[in-house]
Each structure stands twice: as structure tokens, then as C-alpha cells.
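This report describes the structure shown below.

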Amino acid sequence: MDFFHAHQAQHYLVLGALLFALGAAGVVLRRNAIIVLMSIELMLNAVNLTFLAFARFPLVANSPMGSFLSGHAAVFFVIATAAAEAAVGLAIIIAVFRSRTSVNVDEFDTLKL
Amino acid sequence: MEVSWLHLVPLLPLIGAAVCGLVGKWLPKGWLYAVALASVLLSFLVGLRAFLGLGEGVQLFHELAFNWFSAGSLRVDMAFTFDRLSGALTLVVTGVGFLIHVYSVGYMDEDPGYWRYFAYLNLFIAAMLTLILGDNLVAMFVGWEGVGLCSYLLIGFWFTDEEKASAGRKAFVVNRIGDFGFLIGIFILFTQLGTVSIAQINSAVIPLGVAQLAALCLFIGATGKSAQIPLYIWLPDAMAGPTPVSALIHAATMVTAGVYMVARLSHLYVSAPGVMAAVAVVGTITAIWSALIATSQNDIKKVLAYSTVSQLGFMFIGVGVGAFFAGTLHLITHAFFKACLFLGAGAVIHGLHGEQELPRMGGLRKYMPSTRTTFLIATIAITGILPFSGFFSKDEILAQALHTKAFSFLTAADPAKTDVPFIRPLLVWLSTVRLTWLGPLIYAVGSFTAFLTSFYMWRCYFLAFSGEYRGPESVHPHESPPVMTVPLWILAGLSVVGLLLGLPPSWVHGTALEHWTWEHFTEGVFAPPRGGAPGEFSPALGFGIALLVGWLGWAGSYALYFKRGLLGDEMLSARLGPVRRALANKLYVDELYDRVIVRPLWALARGLWRVVDATLIDGLFVNGIPALIAWVAAMARRFQNGDVQRYAAVTALGVAALLYVFLVRS
């Protein structure tokens with residue numbers, strides 16, 4: 001089992017962090033609501049990658065979590081949630097587009113005082 | 001003797017005031033007059049009954065109406081004392097007050113505010129009687145403030161005229177300055193002697209320091225109320241009120257309250273000989289100062305006003321040299337003849353449709369014979385010419401000043417307190433100066449003032465009643481109705497009969513008149529002055545000099561004004577131009593006070609307003625704190641701009657910061 005060591009996860013973790021940062025930057029910077037939604041998907045999948053990396057290369061040999069499968073389970077939950085979130089998000093975007101004829105998030109500022 | 005009806009004396013006019021003031025507007029005029037006059041007349045009758053009840057067995061009547069308030073060792077009663085002094089003054093106030101009420105019926109009949117006027121007048125009588133009868137200083141102070149209030153209300157009676165309204169305010173403010181001293185005096189007496197009762201103060205042994213401080217503070221109150229230097233300036237302006245008010249309040253009664261207070265507290269003042277000297281000196285300076293101004297005034301009421309200030313100065317000379325009976329005697333006779341003079345002036349003004357300037361009068365003896373005769377009698381009385389009442393009262397004061405022993409042991413400075421830096425040699429020298437010459441000096445100045453009094457009063461008389469009428473054609477002078485002339489005649493009669501009060505006891509010894517002389521009548525009421533009363537002195541020489549100055553004043557005035565009229569003034573002006581101009585401008589005292597006191601106070605008040613109030617309190621506290629909150633809120637509002645992306649960015653930054661803190665730093 002020497003092959004499976006935690007330090008071997010770092011490539012995956014770096015890649016996950018980069019993807020997460022890209023997603024976050026997209027959420028904050030992009031103006032198109034659909035791109036923002038896609039960026040959120042990117043962030044969620046970056047997290048998924050991190051879960052899987054830790055599932056494959058656990059930090060502790062005999063984890064109290066019992067088995068390595070807990071990481072995989074979390075990923076499935078995230079995928080399910082992301083699907084639902086994408087559906088709700090797209091529905092909201094369509095509803096907003098109907099009233100504003102725009103998908104530019106800068107124009108969605110009715111939350112302010 | 002303890003009685004239960006004394007409270008009626010001040011209460012009756014108070015009821016009259018309440019009726020006139022609350023429902024007078026809707027009462028028929030006749031009823032209102034009946035209420036106003038009857039309340040004062042009844043008060044007079046109660047007072048008269050009490051006065052006749054005083055005798056060998058009964059020295060005074062006393063009534064404890066109710067306990068006003070008690071706190072700790074302080075007990076203040078609403079209680080009244082009716083003795084020979086307060087009794088006589090009660091009669092003067094209600095008697096002269098009643099006559100002036102009668103006169104006012106004629107004078108104020110056409111004024112729409114007549115009901116207000118009679119309410120104030122009744123209220124004044126009630127307050128004045130409280131002042132006179134109050135058996136402790138606090139009750140006296142209630143009356144003292146009450147008369148001040150009525151004075152203010154009546155000076156500014158025609159308040160739509162800005163000048164008159166401001167004259168009322170001036171009187172009130174100047175009086176407040178004096179009242180402050182009066183109040184401090186009461187506090188000193190209470191803290192040091194533990195009582196405010198006049199009877200107890202007058203029988204206490206008072207330490208010199210306490211007596212001097214308290215007497216001085218109370219005298220400051222007297223200078224305000226009785227219009228003495230330095231607070232006399234309100235009285236000439238007070239002539240803005242209706243003329244009967246000037247007669248009642250600003251000549252006969254209220255302004256003599258200070259003299260009465262000093263006489264009432266004679267024991268306290270005798271215990272403070274230095275203050276006695278100050279009282280006499282202030283009285284002397286005031287007397288000559290205002291007599292000088294009176295010689296050059298053209299408004300008939302201003303002449304009489306300065307004359308009143310001057311005569312009040314005489315009264316303070318009397319009480320200041322320890323001759324309390326002489327000061328209060330002059331108070332009473334002055335109430336008669338000065339009320340008569342003022343009412344006469346009022347009749348003249350009434351008959352000339354509001355004209356007050358002497359240059360536009362003249363020759364009125366033809367048109368108003370009653371007014372002229374009574375004015376003449378009162379003029380003779382005030383100038384101190386026999387056989388009228390001013391003669392004995394004024395000359396008694398001057399004779400007492402000449403012979404007084406009250407100052408013989410005084411020095412100009414206290415020998416025990418010369419250790420003051422810089423002026424020590426001066427104080428050491430002053431402490432060796434004995435004031436034995438003060439009495440004769442006061443006598444000399446007072447006699448010269450008597451000459452001036454005679455001069456300006458005769459000038460006033462000649463300019464108003466002699467010669468030819470100088471007013472405009474359109475004004476037809478006419479005599480006043482009987483309701484106004486009858487009080488004039490009664491007061492003129494009193495100005496003559498008042499002479500009896502002042503007869504020297506040695507002249508009437510053993511006759512029925514003896515009991516009626518004021519000196520005999522008030523025996524035992526006043527404390528004897530330090531050094532004892534002056535010994536027997538021959539009155540003849542003093543009377544001779546007094547008669548001489550009286551006649552000299554008449555002669556000077558006669559030579560200048562009888563034939564020439566206004567030309568007399570021009571001749572005087574030609575000789576004494578700048579002096580006379582200064583006198584006509586009241587010696588610029590108002591202007592001086594304006595520069596030295598009023599304007600700096602204004603500047604200070606404006607500074608306090610701008611800096612402390614507007615900037616500090618309003619700017620920093622009242623508006624500053626909300627402004628700070630608004631600023632913080634404006635800052636915070638920037639974050640809530642509705643831009644979800646910025647919220648996300650801020651959240652991300654916050655998470656990054658937390659991660660940095662927890663993961664990297666730790």
C-alpha cells in the first residue's frame with residue numbers, strides 16, 4: 001500500500017483549488033447569469049475532485065470514517081444537489097429574463113435598500 | 001394682641017383684583033368700579049378700626065393666618081403685624097390708594113382696558129399691604145415681588161407701544177437686580193440667626209459682620225425698589241404708565257418700600273453703623289443728583305419723577321442718620337403731596353389731551369382752577385415752606401442729620417482690616433479719619449438740595465400754570481370732572497394737615513396735639529441709634545435756614561420764569577450751556593450704563609449663544625451625534641448595493657481572510 005500516500009494527493013488538490021478559484025472568479029466577475037451558473041458548477045466539481053482525492057489517498061490509514069467510500073458518497077450527494085441547483089438556477093434565470101429581458105447580473109440590484 | 005381679622009386688610013383688595021381680572025371684562029362698568037373701589041375702601045375701614053384700637057394697652061395686633069411652609073428649622077408663616085408704623089402706612093396705602101382709585105374712574109374711563117387696569121391696581125394694593133404687614137421677611141418678600149410685578153404690568157399697561165413696553169421691562173429687570181440682594185440678605189439672616197421673623201431679628205444680638213453684610217444686601221434691594229443710585233434709572237422711565245399709576249406706585253407707596261424696610265429692620269441697621277452711613281451717603285448723593293436733573297427736564301412727569309427720586313433720597317438720609325421717625329414721617333407726607341402733584345399733572349395731561357411737555361403748557365390757571373390750586377398747595381408742601389406738611393418732615397431729617405451722633409465713632413476704614421497690599425497706607429490713613437463731619441456735610445448738601453427742590457418745583461408750576469397758554473390752537477384746555485378734582489382737594493387738604501404729624505414735640509407738649517406728632521406716636525417702634533439720639537437742640541435756627549432756602553428757590557424761579565416763561569430756560573442755557581444740556585440729557589447715565597453694563601452683557605450673551613449654545617450644544621451634541629450615526633450608516637450603505645456578485649466577492653474575501661488566519665498564522 002505504499003503507493004497510496006497522502007502526499008500523492010497534492011496534484012489533485014492543487015488542480016481542485018485552481019478549478020475552485022476559477023469558478024469563484026467566474027461567479028464574482030462574469031456578468032452573464034448563465035456563465036455565473038456554470039462557474040458555480042465548476043466550483044462544485046472542484047470540490048468533488050477534492051473529495052475524491054482524499055478518498056483515494058486518505059490522510060490516516062485506518063480512518064474513523066470506516067471506509068474510503070465516504071468521499072465517494074459525498075460526491076454523489078453533491079452531484080445530485082448540483083443537478084437540482086442547476087435546474088432551479090436556470091428556472092430563475094428564465095423568470096428574471098422574462099421580466100428584465102436581460103441575463104446581465106449587474107442589472108439585478110433590487111436587493112439594495 | 002392676637003386677632004383673627006387682620007388678614008382681611010390685604011385679602012379684600014386681592015378679592016377685588018380676582019373679580020376685576022377674571023370676570024371684569026363681562027361686568028357692567030358700574031359694578032366693576034364698585035367692586036374695585038369698595039374692596040380698597042373696606043380694607044381702609046378695617047385698617048382704620050384697627051388703628052383706633054391701638055393704644056397704651058395694645059401695642060400691636062398680630063395674626064397668624066396660616067403656616068406657609070416649614071423645612072428643618074425654617075418655619076415661614078403667613079402672618080401679619082399691625083403696629084404703629086405698619087398701621088399708619090396701611091392707612092396711607094389704602095387711603096391714598098382709594099383716592100387714586102376714585103380718580104382713575106375719571107382718568108381711565110375711556111380706555112378699553114379699564115377692567116385690566118383696576119385688576120392690576122387692586123392687586124397692587126394687596127401686594128403692598130402684604131409687604132407692609134408681613135411679620136417675617138419672606139412674607140414681606142412676597143409683597144415686595146408682588147408690587148414689582150404690578151409695577152411692571154402697569155408701566156407697560158399700553159403694551160402695544162414698544163417704548164412703554166420696554167420701560168416696563170427695564171423697571172422689572174432693574175428691580176430684579178435689587179431683589180437679588182434682598183433675597184441674599186434674607187438667606188444671610190436665616191443662616192446666621194436661624195430666623196426670618198422681623199420681631200425676632202429686631203430683638204436678636206447680631207454680630208457686626210453678619211449685620212453689616214445682611215443690612216448691605218437688603219439695602220441693595222432697597223436701592224432697586226426705592227430708586228436710589230445706582231439703580232434709580234428705571235423710575236423716570238416708569239412714567240410711561242398711566243398717570244394715576246405714577247401717583248400711586250411710583251410716588252406714594254411702592255417706591256417708599258425700601259425706606260419702610262430699613263425702618264422696619266431698624267435694629268439690624270443700628271447694629272451695622274457702617275451700612276447706616278452708606279445709606280445716608282447714598283441718599284444724599286441721590287437727592288442732589290436727581291434734583292439737579294429735575295431742574296432741566298421739560299416733561300412734567302419727568303420733573304416729578306426725578307423729584308420723587310430726590311425725595312426718596314431725603315428719606316434714606318433720615319433713616320441713615322438714625323432718625324427713623326423722620327424718614328418715615330417724610331414718607332407719609334411725601335405720599336400726600338406727591339400723589340397730589342402727580343394727580344394734578346394727570347389732570348393737566350388729561351385736560352390737554354395727552355400733552356406732557358411743559359413748553360406747550362402755560363397759563364393753565366385760567367382753564368383749570370381746581371387743579372391749579374391743589375397743585376400750588378402741594379408745591380408749597382414739597383418745597384418746605386410753612387405752613388404745609390413738607391416743612392417739618394424734610395427739615396426734621398436735615399436737623400437730625402446735622403446733630404446725629406450715629407457717625408461720631410465711625411472711621412472711614414476699619415482699623416483692624418488695613419492689611420491690604422498696595423493700598424495699605426491709604427487704608428491706614430483712612431482708618432484715622434473720623435466721620436464726625438459726615439452729618440454736617442449731609443446737612444449742607446441736603447439744604448442745597450432743598451433749595452434745588454424749591455427751584456425746580458416752582459419752575460414746573462410757573463411753566464404750567466402762569467403766563468399765557470403756549471400750546472397749539474387745536475387743543476382747548478379744560479378742567480377735569482369732579483371725580484378727579486375731589487381726590488385732588490382731599491390730597492391737598494392732607495398735604496396741609498400732615499403738618500400736624502411733624503410738629504416738634506416740645507412745641508405741643510401737654511396739649512392734645514402731642515399724641516398726634518409722629519415722633520411721639522412711634523416712640524418705642526424704632527431702635528435708638530448708636531451713640532444715642534441727638535440731645536436737645538434748638539430748632540429755631542434750622543427752621544430759619546430751611547425757610548430761607550425754600551424761599552430762595554422760589555425767588556430764583558420767580559425771577560426767571562414767572563414773567564418770562566420759557567425765556568427763563570433760554571437765559572439759563574445761555575449762561576450754563578453745557579451743564580444744562582448734560583442735565584437735560586439726564587447726565588448721560590443711561591448711556592453710561594448702556595456702554596458699561598448692557599452692551600457687554602449683550603456681547604457676552606451673544607457669544608454664549610453663538611459659541612456655547614449654537615456651536616457646542618446644538619452643533620456638537622444635539623446635531624453632532626445624529627450626524628455621526630448618519631455618516632456611519634452612509635458608509636455601511638455602500639456595502640448593501642444589491643449587487644450579488646459583490647456580496648459574493650466580499651464573502652470570498654472574508655473566507656480567504658479567515659483561512660489565512662486559521663491555517664497559515666496558527
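## Chain B as a whole

Among contacts in chain B between residues at least 6 apart in sequence, 80% join residues at least 24 apart; two residues are in contact if their C-beta atoms, placed from the backbone, lie within 7 Å. The model is predicted: local features need pLDDT of at least 70 and side-chain atom pairs count only at pLDDT 80 or more, while totals for chains, interfaces and linings use all residues. Residues are numbered from 1 along each chain as its sequence is written, and chains are lettered from A and ligands numbered from 1 in the order in which they are written.

The secondary structure of chain B consists of 28 helices and 2 strands. Helices (H or I, at least four residues) and strands (E, at least two) are DSSP runs, numbered from the N terminus. Along the principal axes, the C-alpha atoms of chain B fill a box of roughly 120 × 70 × 60 Å. Of its 666 residues, 49% count as buried, a residue being buried if 20 or more other C-beta atoms lie within 10 Å of its own, exposed if 12 or fewer, and partly exposed in between.

## Two helix pairs in chain B

The axes of helix α14 (residues 300-320) of chain B and helix α15 (residues 324-351) of chain B come within 9 Å and cross at roughly 175°. Axes are lines fitted to C-alpha atoms, for helices over the stretch in contact, and angles run from 0 to 180 degrees between N-to-C directions. α14(B) and α15(B) are therefore roughly antiparallel to each other; angles over 145 degrees count as roughly antiparallel, under 35 as roughly parallel, 65 to 115 as roughly perpendicular and the rest as oblique. Residues making this contact include B:L304 and B:F314 of α14(B) and B:L331 and B:L341 of α15(B). By class, the contact has 12 nonpolar, 6 polar and 2 charged residues. Ala, Val, Leu, Ile, Met, Phe, Trp, Tyr, Cys and Pro count as nonpolar, Asp, Glu, Lys and Arg as charged, and the others, Gly among them, as polar.

Helix α17 (residues 390-403) of chain B and helix α19 (residues 438-465) of chain B have axes that come within 7 Å and cross at roughly 155°. That makes α17(B) roughly antiparallel to α19(B). Among the residues in contact are B:L398 of α17(B) and B:Y443 of α19(B). The residues of this contact divide into 7 nonpolar, 3 polar and 1 charged.

## The strand hairpin

Strand β1 (residues 61-71) of chain B and strand β2 (residues 74-82) of chain B run antiparallel and are joined by 9 bridges; two strands pair if DSSP finds at least two bridges between them. B:E63 stands opposite B:F80 in β2(B). The two strands form a hairpin with 2 residues between them, and B:G72 in the turn has a positive phi of about 60°.

## Nonpolar cores

A nonpolar core is a set of buried Ala, Val, Leu, Ile, Met, Phe, Trp, Tyr and Cys residues joined through C-beta atoms within 7 Å. The largest has 200 residues, and B:F124 and B:C340 are among those touching the most other members. Apart from it lies another core, of 8 residues, including A:V27 and A:M43.

## Chain A and its contact with chain B

Chain A has 3 helices and 0 strands. Of its 113 residues, 15% count as buried. The contact between the chains takes 11 residues from chain A and 10 residues from chain B. The side of chain A that touches chain B has 7 nonpolar, 1 polar and 3 charged residues.
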